[in-house]
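Hi,

Here is the structure I promised to pass on. Have a look at it first, and then read on for my notes.

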Amino acid sequence: MASPLPGPNADLIAAASEFAAAVKDFNGDPVKQRQLLKEADRLRILLETPMDVLMKQWEMSQCIAAMNLLLSKDLAEIVKVDESAIARALKLVVINGICTELTPNTFALNANANVFLKGAAREFFQFMIDQTGPFYKLPEYFRTHNQEDLYDLKKSPYAWAVGLEGKDYYEAISSDPMKLHNFNFTMATSEAVTPILGMFPWASMKEQVNADPSRAFAVDIGGGRGQFLKAMQQEAPNGFGAKMILQDRPDVLAPLTKEDIPGIEKMAYDFFTPQPVKNAHIYVMRRILHDFYIPVCKDLVKNIASAMGPTSRFLIADMIMPDKVEMGTEVTPYWMDFNLMMLNGTEKSKQQFEEILDAAGLEIVKIYPFAFGCHANIECRLKP
């Protein structure tokens, strides 16, 4: 007798069973926690009707509006404020797990709420609000611009939306000290959820570096506050006796003291110019290439390739876009890619990275993916 055909809920039942089994084995590991969140998202997607999807978007937009009210700097300065307006906003965020309502109209902070009141999370949220207005202007941007304008660094959707077309994204956001402050804090906050280790095997370079310590070990190009090199030292103590060089704009490097970046040498550098450190063991670009479209990336990588020696390596630390999007999978590369469109950038597929590298005379040696999501380290070398 033939087996019965799967019922209409077959996918939902399978997903629920897999989720239940994974929960039983969950031990608090942050990677497994992110996997569980994605599986929970998939369960909801399988349950939702088209109207549920629409309502979810509306609900989240209202929650964001409520949070924007509650975190408003002006709110703290208002003495005569209608309590019901605050209560209505608080009820909406309680539903989303932020704050609790102890008794009717009596609210208390919880761990999720505290995140918004200290550290960089408040700036992170305000940066999101800062970006929202320009996003809503995208239809008008495309109505008033040519297709090629999207790829022009001086005609980014963000700069146009804030009335600063003619400046690149970083010039535009730097024109407002508070927005620049929020941007910098957001970049620092995102580091907490962006993996550094667990991909390229840094300890494997010890023998090569020890054989020629006169060459710089690692050159981190556009490395910000040195977070990558500092993490790398866990697997490559003291750079195996060779130099570790942090390159970035002078204004980025200026506040850093020796105590901030022990064992690391600062070097002011514009990555649009030829790389001054020759024949290093490894050059690193982390979360840089996604800020630009392919033509600009080709120029940046050519500057690195011109400095590489026969045994030098170039490591790209970035996300690799999947060839095909699947329902309920990791959403980060897709919202990040959409966000990057505002500043003339894009996340890239393996094939796009290969195109960039080929133009600079480089090839991929190996790709080291992270345990979850799309983050990876791409090891490259000069073509023979």
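Starting with helix H10, its buried residues are Asn182, Phe183, Thr186, Ser190 and Glu191. Buried here means under 20% relative accessible area, exposed means over 50%, and partly exposed is in between (1.4 Å probe, protein chains only). Helices (H or I, at least four residues) and strands (E, at least two) are DSSP runs, numbered from the N terminus.

Before I go further, two notes on the source. This is a predicted model, where local features need pLDDT of at least 70 and side-chain atom pairs count only at pLDDT 80 or more, while totals for chains, interfaces and linings use all residues. Residues are numbered from 1 along each chain as its sequence is written, and side-chain values use heavy atoms, with hydrogens and water left out.

Back to H10, which runs over residues 177-191: its 15 residues should span 21 Å at 1.5 Å a residue, and the end C-alpha atoms are 22 Å apart, which agrees. The expected span is 1.5 Å times one less than the number of residues. At the N-terminal end, Asp176 caps the helix, with a side-chain oxygen 3.0 Å from the backbone nitrogen of Met178. That is a polar contact, meaning a pair of N or O atoms within 3.5 Å; within protein, one must be able to donate a hydrogen and the other to accept it, and residues adjacent in sequence count only if both atoms are side-chain atoms.

Helix H2 also has a cap. Asp29 sits at the N-terminal end of H2, where a side-chain oxygen lies 3.0 Å from the backbone nitrogen of Val31. The helix itself covers residues 30-47, 18 residues in total, and reaches 26 Å between its first and last C-alpha, close to the 26 Å expected. Which residues of H2 are buried? They are Val31, Leu36, Lys38 and Leu43. Viewed down the axis of H2, these buried residues fall within an arc of 160 degrees, so they line one face of the helix; the arc is that of the directions from the helix axis to the C-beta atoms. Helix H1 (10-24) is included in what covers them, while Pro30 and Leu47 are exposed on the other side of H2. Covering and touching are both judged by contact, which means heavy atoms within 4.5 Å.

Now the charged pairs. Side chains of opposite charge can pair when their charged atoms come close. The whole structure has 15 salt bridges, each being a side-chain nitrogen of Lys or Arg within 4 Å of a carboxyl oxygen of Asp or Glu. Here are three of them:

- Glu355 and Lys298 form a salt bridge, with the closest N and O atoms 3.2 Å apart. Glu355 lies in helix H16 (residues 350-359) and Lys298 in helix H14 (residues 294-305), so the pair ties together parts that are 57 residues apart in sequence. Glu355 is partly exposed at 39% relative accessibility, and Lys298 is partly exposed at 23%.
- Arg381 and Glu363 form a salt bridge, with the closest N and O atoms 2.9 Å apart. This pair links strand E10 (residues 375-382), which holds Arg381, to strand E9 (residues 362-369), which holds Glu363, 18 residues apart. Arg381 is partly exposed at 32%, as is Glu363 at 24%.
- Asp149 and Lys155 meet through their side chains at 3.4 Å, N to O. Asp149 is buried, with a relative accessible area of 8%, whereas Lys155 is partly exposed at 30%.

Gln233 may also interest you. Where does Gln233 lie? Its place is the loop between helix H12 (227-232) and strand E4 (244-248), and at 18% relative accessibility Gln233 counts as buried. Beyond its neighbours within four places in sequence, Gln233 contacts Met244, Pro262, Gly263 and Ile264. A polar atom of the Gln233 side chain lies 3.2 Å from the backbone oxygen of Pro262.

Finally, the overall picture. The protein has 16 helices and 10 strands, and its C-alpha trace spans about 75 × 70 × 45 Å along its principal axes. Of its 384 residues, 40% are buried. Among contacts between residues at least 6 apart in sequence, 64% join residues at least 24 apart.

Cheers
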